[in-house]
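Let's work through how the labels for a protein model get decided. Have a look at the sequence and the 3D view first.

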There are 2 protein chains.
Amino acid sequence: MDAASTPYSPGLAGVIAGETSLSLVDGTHGRLLYRGYGIGELAARGTYAQVAELLWTGAWPDQARLSPAPLADEVVAVLRLLPAETSPMDALRTAISAWGAAQRLSWPPTVEQARAVTAFAPSALAAFARIRGGHEPVPVDRTLDLAEGFLHQLTGKRPDTAAARALDAYFVVGAEHGLNASTFAARVIISTRSDLASAVVGAVGALKGPIHGGAPAEVVNQLHQIGAPEQAEAWIRAAVARGERIMGFGHRVYRAYDPRAAALRTIAEGLAGSAGWLETAVRVEDVALRVLAELKPHRVLKTNVEYYAAAVLQGIGLPPDLFPATFALARMAGWTAHGLEQAMADRLIRPEVRYVGPPERNLP
Amino acid sequence: MDAASTPYSPGLAGVIAGETSLSLVDGTHGRLLYRGYGIGELAARGTYAQVAELLWTGAWPDQARLSPAPLADEVVAVLRLLPAETSPMDALRTAISAWGAAQRLSWPPTVEQARAVTAFAPSALAAFARIRGGHEPVPVDRTLDLAEGFLHQLTGKRPDTAAARALDAYFVVGAEHGLNASTFAARVIISTRSDLASAVVGAVGALKGPIHGGAPAEVVNQLHQIGAPEQAEAWIRAAVARGERIMGFGHRVYRAYDPRAAALRTIAEGLAGSAGWLETAVRVEDVALRVLAELKPHRVLKTNVEYYAAAVLQGIGLPPDLFPATFALARMAGWTAHGLEQAMADRLIRPEVRYVGPPERNLP
């Protein structure tokens with residue numbers, strides 16, 4: 001390798017590392033397509049089970065079922081060994097690693113394997129949440145779909161329809177988003193012909209980082225502080241006057257309205273009659289957009305997906321420290337689909353590095 | 001991002017993803033330097049404990065101690081829950097994940113954290129090997145260094161000096177090797193400000209892949225088939241005549257003699273008097289190089305590190321299915337040093353991807 005003529009791209013910004021058929025992230029026009037289908041239509045008309053099959057197979061299924069998987073006793077025993085104060089991301093990472101150890105997944109990865117780990121993860125996270133709270137895990141009800149079943153396993157109760165529908169839509173919009181750092185980590189790992197569990201474990205570890213997995217808890221704090229929609233305007237004006245950032249608005253890639261936020265808003269509007277917390281989120285957003293446009297006219301501060309993610313996850317009763325791991329449950333479809341795609345390409349991902357250390361020398 | 005003008009680099013071959021002061025891999029001249037020091041001198045005069053400190057801190061310590069860490073009961077309990085037929089790499093990945101969950105490592109990563117996970121890993125792997133064999137884990141003897149202590153924990157006996165010295169030298173030459181796929185995975189993960197355990201867990205998962213972690217068991221098979229040095233010439237001639245590849249010779253990067261193999265050979269020669277298996281490895285290598293130069297004069301088929309890795313690991317009595325995970329123990333110093341370096345750079349690693357899927361369309 002002739003280092004002098006090799007392009008240097010710190011952080012790989014602007015370097016195309018590969019090709020994908022899975023999603024198009026079009027920040028300029030506020031579009032997110034999974035295999036050509038717009039995220040708004042997918043969230044409105046599809047389920048997470050259908051979207052996951054679409055990502056894995058390339059074909060849109062008229063119907064699809066994806067239910068939480070029952071947990072092996074050994075996995076539950078591993079979760080019981082973790083301290084109650086364990087980060088939920090660490091618990092999920094460890095559970096998937098133990099699951100993968102027992103599965104002995106073969107190369108190349110398959111849709112069956114992708115389906116299996118995606119169905120395993122919600123059961124594992126819910127079991128950890130139960131155990132750390134001093135409760136027994138809830139046996140899976142395989143008649144439920146993944147989002148509904150996750151809520152059931154968290155609470156032991158059948159969730160209400162609005163909560164299950166909102167979480168399923170959240171899973172749809174979180175399923176896939178191009179070559180972000182966690183997805184890239186998964187592809188690097190699978191590029192060595194390692195197994196799909198190793199790739200997902202690496203991805204969970206990457207998503208754990210706060211500049212990737214985000215800090216949705218801050219949006220929740222904000223919604224709590226605002227309280228009711230009537231107080232939104234005064235609160236936002238005061239926060240902007242103090243120079244504070246309004247959480248849930250603005251995005252690195254999307255210059256227009258984040259299409260995932262738009263998709264979730266549409267779902268929220270449809271369910272607002274049956275869930276007051278969704279109505280509050282919609283009304284607070286309207287106020288925030290109006291006030292931000294007035295106070296910061298030169299900045300593009302449109303609602304991003306974190307705003308509705310926080311609204312939905314809080315609304316269904318999740319504690320904020322479970323938000324990042326719940327996002328990981330949604331992204332499981334995308335990570336595994338990228339694993340399948342990378343395995344088809346079957347090319348090692350291995351960049352160069354520039355040596356900037358001491359010149360050759362002898363030990364003292 | 002203007003995709004049309006963005007360089008497309010599948011697999012990132014030839015793209016410089018960042019800078020490092022840790023090692024220079026100079027394939028053309030057969031050089032491998034850790035922070036400027038040649039691998040031959042490091043292996044001959046240094047210990048793994050010193051090399052790890054050098055990689056972490058940048059300074060060569062006159063003395064350094066790195067002993068295996070005692071295992072928390074919970075980690076041993078996790079290892080007991082894994083099926084006996086679990087891949088050792090999966091066991092190591094799961095143990096480090098469980099360890100990280102309990103440690104709750106803070107950001108940014110520290111040398112203390114790097115030292116802790118590097119000291120933890122050999123104890124975990126040895127305990128897994130004991131448990132799967134139906135034996136109790138061996139309590140750590142903190143008067144032993146890492147390589148010696150690992151052997152002690154595997155067998156319950158104090159290893160002989162030649163075995164401990166050879167394994168320590170193996171750890172030195174395996175400690176670091178630029179931006180290979182597992183190290184790159186670790187850097188991608190830490191670049192999100194995730195923790196060092198997550199990074200190492202991802203790296204173990206990447207190293208598990210056979211086109212990265214290699215297949216040293218094949219070299220062992222070959223040495224077994226050859227048997228004694230006197231049979232080497234006939235065996236190698238017959239294998240080449242059958243069109244078979246001679247394992248342990250030739251390398252993707254090194255056109256000259258792999259400097260890690262050279263370093264290990266020097267150690268092996270020094271110990272040959274006290275260990276017949278090292279003498280065999282040296283003599284078989286001599287025959288192989290002479291015969292390959294005669295039969296394949298147009299190819300550069302010099303000894304690579306896998307040859308001596310297999311000779312050393314087999315010689316100290318490791319079963320071949322532990323070789324990749326033992327390599328992971330050695331690389332722990334490099335992975336964690338890259339984690340520290342990436343955290344200092346504190347820049348998200350996130351390349352672009354080219355969308356090649358269907359154009360925008362509507363659901364059926």
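Q: Where in chain B does B:Pro70 lie?
A: B:Pro70 sits in the loop between α2 (48–57) and α3 (73–81) of chain B. Helices here are DSSP runs of H or I with at least four residues, strands are runs of E with at least two, and both are numbered from the N terminus. A quick note on the ground rules: this is a predicted model, where local features need pLDDT of at least 70 and side-chain atom pairs count only at pLDDT 80 or more, while totals for chains, interfaces and linings use all residues. Residues are numbered from 1 along each chain as its sequence is written, chains are lettered from A and ligands numbered from 1 in the order in which they are written, and side-chain values use heavy atoms, with hydrogens and water left out.

Q: Why is B:Pro70 called partly exposed?
A: Buried means under 20% relative accessible area, exposed means over 50%, and partly exposed is in between (1.4 Å probe, protein chains only). B:Pro70 has 46% relative accessibility, so it counts as partly exposed.

Q: Which residues is B:Pro70 in contact with, leaving aside its neighbours within four places in sequence?
A: Those are B:Val140 and B:Arg142; contact means heavy atoms within 4.5 Å.

Q: What makes A:Lys208 and A:Asp90 a salt bridge?
A: The rule asks for a side-chain nitrogen of Lys or Arg within 4 Å of a carboxyl oxygen of Asp or Glu. Here the closest N and O atoms are 2.9 Å apart, and the pair passes. A:Lys208 is in the loop between α9 (196–207) and α10 (210–213) of chain A, and A:Asp90 is in helix α4 (residues 88–103) of chain A, so the pair ties together parts 118 residues apart in sequence.

Q: Buried or partly exposed: what are A:Lys208 and A:Asp90?
A: A:Lys208, with a relative accessible area of 22%, is partly exposed. A:Asp90 has 2% relative accessibility, so it is buried.

Q: Why can we say that B:Lys208 and A:Asp195 join two chains?
A: B:Lys208 forms a salt bridge with A:Asp195, with 2.8 Å between the closest N and O atoms. B:Lys208 is in the loop between α9 (196–207) and α10 (210–213) of chain B, while A:Asp195 is in the loop between α8 (181–190) and α9 of chain A, so the pair joins two chains. A:Asp195 is buried, at 5% relative accessibility.

Q: How many salt bridges does the rule find across the interface of chain B and chain A?
A: There are 7 across that interface. A:Arg31 also pairs with B:Glu360 in a salt bridge, the closest N and O atoms being 2.6 Å apart.

Q: What area is buried between chain B and chain A?
A: About 8600 Å², and carbon and sulfur atoms give 61% of that. Buried area is the accessible area (1.4 Å probe) that two parts lose on being put together, summed over both. B:Ile16, B:Arg350 and B:Leu363 supply 10% of the area that chain B buries against chain A, more than any other three residues.

Q: Why are A:Arg237 and A:Glu233 said to be about one helical turn apart?
A: They are 4 residues apart in helix α12 (residues 232–241) of chain A, so about one helical turn separates them.
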